[in-house]
Amino acid sequence: MPYYKFVINIVRAAMTTLKITAKGQVTLRQDILAHLGVGPKQKIEVEKLPHGRIMVRAAEPRGAITDFIGCLAKEDGPVLSLDDLAEIASQGWSGEK
């Protein structure tokens, strides 16, 4: 058997066939979602490729400002005023640190 036919057979064996619903939707099986590393309420990205193909991958999580707020707070650290923060920032930018 030529090498290229062997490779094609392996690819077909790993392929999954999905049905399209009347609404034009496709449901991915749990094993496919696990392979992508995604779960409920997470997102996937679909990229259109040439020749009627698509690439599906887990979407990179994008942070929100609410994720950042409070990340620098220390329970036992000092509370800084805006003036204190501005002074620290100006020292950092000037290289005085």
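Contact means heavy atoms within 4.5 Å. This is a predicted model, in which local features need pLDDT of at least 70 and side-chain atom pairs count only at pLDDT 80 or more, while totals for chains, interfaces and linings use all residues. Residues are numbered from 1 along each chain as its sequence is written, and side-chain values use heavy atoms, with hydrogens and water left out.

**View 1. Arginine 57 and its contacts.** Arginine 57 lies in strand S2; helices (H or I, at least four residues) and strands (E, at least two) are DSSP runs, numbered from the N terminus. Not counting residues up to four places away in sequence, Arg57 touches Leu36, Ile44, Glu45 and Glu47. Leucine 36 and arginine 57 are 21 residues apart in sequence, and their C-alpha atoms are 6.3 Å apart in space. The relative accessible area of arginine 57 is 33%, so the residue is partly exposed (buried means under 20%, exposed over 50%, partly exposed in between, with a 1.4 Å probe and protein chains only).

View 2. Isoleucine 44 stands opposite alanine 58 in S2. Between the strands are 3 residues, and histidine 51 in this hairpin takes a positive phi near 65°.

**View 3. The largest pocket.** The volume of the largest pocket is about 370 Å³. Its lining has 13 residues, and Leu28, Ile32, Leu36, Ile54 and Val56 are the closest to the pocket centre. Helix H2 (30-36), strand S1 (44-49) and strand S2 (53-58) each give two or more residues to the lining, and H2 gives the most, with 3 residues. A pocket is an open set of points on a 1 Å grid over the protein atoms alone, where a 1.4 Å probe fits, with protein on both sides within 12 Å along at least five of seven lines; lining residues have an atom within 4 Å of a point. Grid points are joined across faces, edges and corners, and the volume is the space filled by probe spheres set on the points.

**View 4. The whole chain, for orientation.** The protein chain has 4 helices and 2 strands, in the order α-α-β-β-α-α from the N terminus on. Of its 97 residues, 2% count as buried. Among contacts between residues at least 6 apart in sequence, 0% join residues at least 24 apart.

Conventions:
Pairing = 2+ DSSP bridges.
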